[in-house]
Amino acid sequence: MPPHVSASRNIAAGHSPCARGLENSCSIAVDTRLADDELSGAISPDMLDTVGACVSDALEAEQYKINPVSHQNLVVHIAIAIARIRKECYVPMEAAHLEHVRGTREYAVAGTVAGEIELRFDIDLPEEEIAYIAIHLASKHLVEGGSPPHLQDASDENLEITDEAWNLAADMIETVWRAFRFDFRNDAELRMNLARHTMPLIVRLRYNMAYTFQPIVDNLMLQVIFGGFLYGFAIAVALRGGASTAGTDFISLMVSNKTGQSIWGLIFAGNCAVLLIFGALFGWEAAAYSIIFQFISTKAIEMFYTRYDRVTLQITTTRPEQTLADYNEIHKHGSSVVEVMGGRSRKRYWLITTVVSSYEIDDIMHLIRVHDGSAVVNVFRTETFFGNFYRAPID
């Protein structure tokens, strides 16, 4: 097959086109395990070494520099491309994108790299593959120097930062200044680094090279279950830290702070009502999965966020004065004290009864142990409480 065969010709010949994301989902790895089972085992360490030598020789001949991480990523990209082509699986590229890449310095360098690969592996690389190598080079090669593009010599062929990236970095710094009043507007080095790191993203978006990943589980129901649990756990962690996601959890916090009651059940009912409307308009299957997701996430929040749960403590101690002095100083809850007698020892004790938030149990237990290590504490859940109950405000 000649080296410049279009994707349409490959497809017409009966070859299967590969998903473009396959190339971009590969991370740096010391082994040869790939997300695509069809390519598993097709790449060996010796093959990667040979590809690496080809890339190094070609870049040295072209006097084109890239950093070590980019070099390794490019080697993996080319190795996957070789394995695909040997299985007659090709990646297409839009004609407009291909035409744009042809006029770049990176395309010429990619042609030299392709020539080395074709010579060592006895394989023909289509023009689209050469273009993708050029895109990797354009998005990842090392920038020499630290000045913005419009201040450097236009003859610098290895310069990758465009005015678009340079202006985007300026807008990011300006946004930080407006939002947080941190002034980095005169920091040229920061602006250069931001522009340098946004260039790969700009190139990938321009050529539809989306970042992909292999999901941990492929079953949709398992994704809903684990996703709902992790989502609920994340919200509970945020709530325990005094934060909010500014969604329905904010409504729950506001109402609970006023009433002292958790209303996650009502929040779930409200979400279900919205999802039922969505199901009637766009389909019931997606709505059903979403309701399951909401149910699991709500239960996870109720499990891990127990700020509004009350518990009753019954503390039997021989040192009530010292215990109550520190307790009243730190905590704002009322308590009652009754003198009692031990049924077996016939000794005199004092029974302190108080109702506290479940969040305060650990602190109170530490306080009790400091003053009376032999104190007996009975803790039980308080389902219903009538009267005034102090709750510390959320910062």
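R84 is buried, with a relative accessible area of 1%, where buried means under 20% relative accessible area, exposed means over 50%, and partly exposed lies in between (1.4 Å probe, protein chains only). The model is predicted, and local features need pLDDT of at least 70 while side-chain atom pairs count only at pLDDT 80 or more, whereas totals for chains, interfaces and linings use all residues. Residues are numbered from 1 along each chain as its sequence is written, and side-chain values use heavy atoms, with hydrogens and water left out.

**Salt bridges**

The partner of R84 is E129, with which R84 forms a salt bridge whose closest N and O atoms are 3.0 Å apart; a salt bridge is a side-chain nitrogen of Lys or Arg within 4 Å of a carboxyl oxygen of Asp or Glu. This pair links distant parts of the chain, with E129 in helix α7 (residues 127-140) and R84 in helix α4 (residues 68-86), 45 residues apart. Helices, like strands, are DSSP runs numbered from the N terminus (H or I and at least four residues for helices, E and at least two for strands). E129 is also buried, at a relative accessible area of 2%.

The structure holds nine salt bridges, among them the one between R120 and D57. That pair also links distant parts of the chain, since R120 belongs to helix α6 (residues 105-121) and D57 to helix α3 (residues 45-62), 63 residues apart. R120 is partly exposed at 41% relative accessible area, and D57 is partly exposed at 34%.

In a further pair, D183 and R185, both residues are partly exposed, D183 at 42% and R185 at 39%. Salt bridges that share partners join E99, R102 and E127 into one network.

| Salt bridge | Closest N and O atoms |
|---|---|
| R120 and D57 | 3.2 Å |
| E129 and R84 | 3.0 Å |
| D183 and R185 | 2.9 Å |

**Helix packing**

Helix α14 (residues 320-330) and helix α15 (residues 361-371) pack at an angle of about 150 degrees with their axes 9 Å apart, and α14 and α15 are therefore roughly antiparallel to each other. Angles over 145 degrees count as roughly antiparallel, under 35 as roughly parallel, 65 to 115 as roughly perpendicular, and the rest as oblique.

**Nonpolar surface patch**

M221, L222, I225, F226 and I292 make a nonpolar surface patch of about 390 Å². Patches are made of residues with over 30% relative accessible area and no salt bridge, like charges being joined within 9 Å and nonpolar side chains (Val, Leu, Ile, Met, Phe, Trp, Tyr) within 5 Å. Helix α10 (residues 220-240) supplies the largest share of this patch, four residues. F226 lies in helix α10 and is partly exposed, with a relative accessible area of 49%.

Notes: Areas by Shrake-Rupley, 256 points an atom, 1.4 Å probe, with all protein chains shown as cover. Axes fitted to C-alpha atoms, helices over the stretch in contact; angles between N-to-C directions.
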